[in-house]
Amino acid sequence: MTRRALVIGCGGTIGGAWSVAALAALADHLDWDPRDAEILQGTSAGAELVTLLAGGYSADDLVDMHTGRATDPVLRHHIAAAPRSIPPIPLPVPLAPAGFLRHRGGHTRAAGIFPRGRGDTAWLQRLADSVASPAGPLPHPGARLVAYDPRRGERVAFGAPGAPPATLDEALRASWAVPGWMPPVRIDGRYFVDGGAASTASIDLIGADEADEIYVIASMASFGGARAPGLGGVVEQKLLRNPMSEGLRREIAEVRGSGRTVVPITPGPADMRGLGWNFMNRRHRRAAFDSARALAPEAVRRGLAAAIG
């Protein structure tokens, strides 16, 4: 039997909306319930979505959450409590300045020297409490939430074999701890930040003995130079999208080298025009989601074609 993993990468408020549209399109195309995946792995906004899926909510439920049709109070309250579009002024204290010299380049270096964020993570704690007991794991046995330890330069998939023990609340807040925006989370004597600081999706953390097919929905990676319009799009592409895309490309090559299938579902040029450059702009979320719903089936077809090719 083919073992499937579903991986949802980072992306903030807007990337999360695009990921829900892509998830629904993938489920429709494969006639498959994503909750049946042997592994559900999420990073940052992807960890938020994996928490909902592992907690029993379907792809259709997540679509209803974004369109305002959800009747479940957990979904209604959660979508209304998304973080604001601009972060509070952070504390001028870096988490791991030595990591700037010790760890590999790109966002892993920057993660240690960013000031400590002061964003309110209570909305994530409420979500965690709604789908699991405060000290318990997610109901799905293969659920994993990825965070990054900038002091050690190490990614950790909480919930995976050998990972440090953590409550769902801790793991979810750690995975969403955008450097400079949300506060780092202390777990087992270590401090963790957003897993996207090291990799947009971390598909290479899934072992060869765990999944034969990996479907990765990565809103912060684009191939072929796709970017949002305007100067903001140029800056976002250079500082965020290009490094994340290159990292994902390396991980895909590594995983495929082990004989596994990887289906990368990423935004193309048309998707980026609808998403815009500010991934935390919650006022644009509904418009971004409506655009994504129209374009996501094509993104899924591109990903499947890339896996075959």
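Predicted model: local features only at pLDDT ≥ 70, side-chain atom pairs only at ≥ 80, totals over all residues.
Two packed helices are described by the angle between their axes and the distance between the axes. Helix α7, which spans residues 122-131, packs against helix α8, residues 168-175, with the axes 9 Å apart and at an angle of about 140 degrees. Angles over 145 degrees count as roughly antiparallel, and the value for this pair therefore makes α7 oblique to α8. The crossing of α7 past α8 is right-handed. On the α7 side the contact consists of L124, Q125, L127, A128 and V131, and on the α8 side of L168, D169, L172 and R173. Sorted by class, the residues of this contact comprise 6 nonpolar, 1 polar and 2 charged.

Helix α7 also packs against helix α2. The axes of α2 and α7 cross at roughly 20 degrees and come within 9 Å. An angle under 35 degrees counts as roughly parallel, so α2 is described as roughly parallel to α7. This crossing is left-handed, whereas that of α7 with α8 is right-handed. Helix α2 contributes E48, T51 and L52, which meet W123, L127 and V131 of α7. The contact of α2 with α7 contains 4 nonpolar residues, 1 polar residue and 1 charged residue. L127 and V131 of α7 take part in the contact with α2, and L127 and V131 are also listed in the contact with α8. An α-helix has 3.6 residues a turn, so residues three or four places apart point the same way.

Aromatic rings were examined next. Over the whole structure, 3 aromatic pairs are found. One of them joins W32 and Y215 in a tilted arrangement, with 6.0 Å from centre to centre and 35 degrees between the planes. W32 is located in the loop between α1 and β2 (39-43), and Y215 in strand β9 (residues 213-217), so the pair ties together parts of the chain 183 residues apart in sequence. W32 counts as buried because its relative accessibility is 12%, and Y215 is likewise buried, at a relative accessible area of 4%. The pair formed by W123 and W176 is edge-to-face, because the ring centres are 5.4 Å apart and the planes stand at 75 degrees. This pair also links distant parts of the chain, with W123 in helix α7 and W176 in the loop between α8 and β7 (185-187), 53 residues apart. Both W123 and W176 are buried. W123 is also among the α7 residues that meet α2.

Helix α3 covers residues 59-67, and its buried residues are A59, L62, V63, M65, H66 and T67. These buried residues pack against four helices: α1 (12-30), α2 (45-54), α4 (73-80) and α11 (285-308). Just after α3, G68 adopts a positive phi of about 85 degrees.

Leaving aside residues up to four places away in sequence, T266 touches W18, A218, A221, S222, F223, L248, A299 and R302.

Terms used. Residues numbered from 1 in each chain as written. Heavy atoms only, no water. Buried < 20%, exposed > 50% of the residue type's maximum accessible area, 1.4 Å probe, protein only. Helix = DSSP H or I, 4+ residues; strand = E, 2+ residues; numbered from the N terminus. Contact = heavy atoms within 4.5 Å. Axes fitted to C-alpha atoms, helices over the stretch in contact; angles between N-to-C directions. Parallel < 35°, antiparallel > 145°, perpendicular 65-115°, else oblique. Left-handed = near helix turned anticlockwise from the far one by under 90°. Nonpolar A, V, L, I, M, F, W, Y, C, P; charged D, E, K, R; others polar. Phe/Tyr/Trp six-rings, centres within 6.5 Å; stacked < 30°, edge-to-face > 60°.
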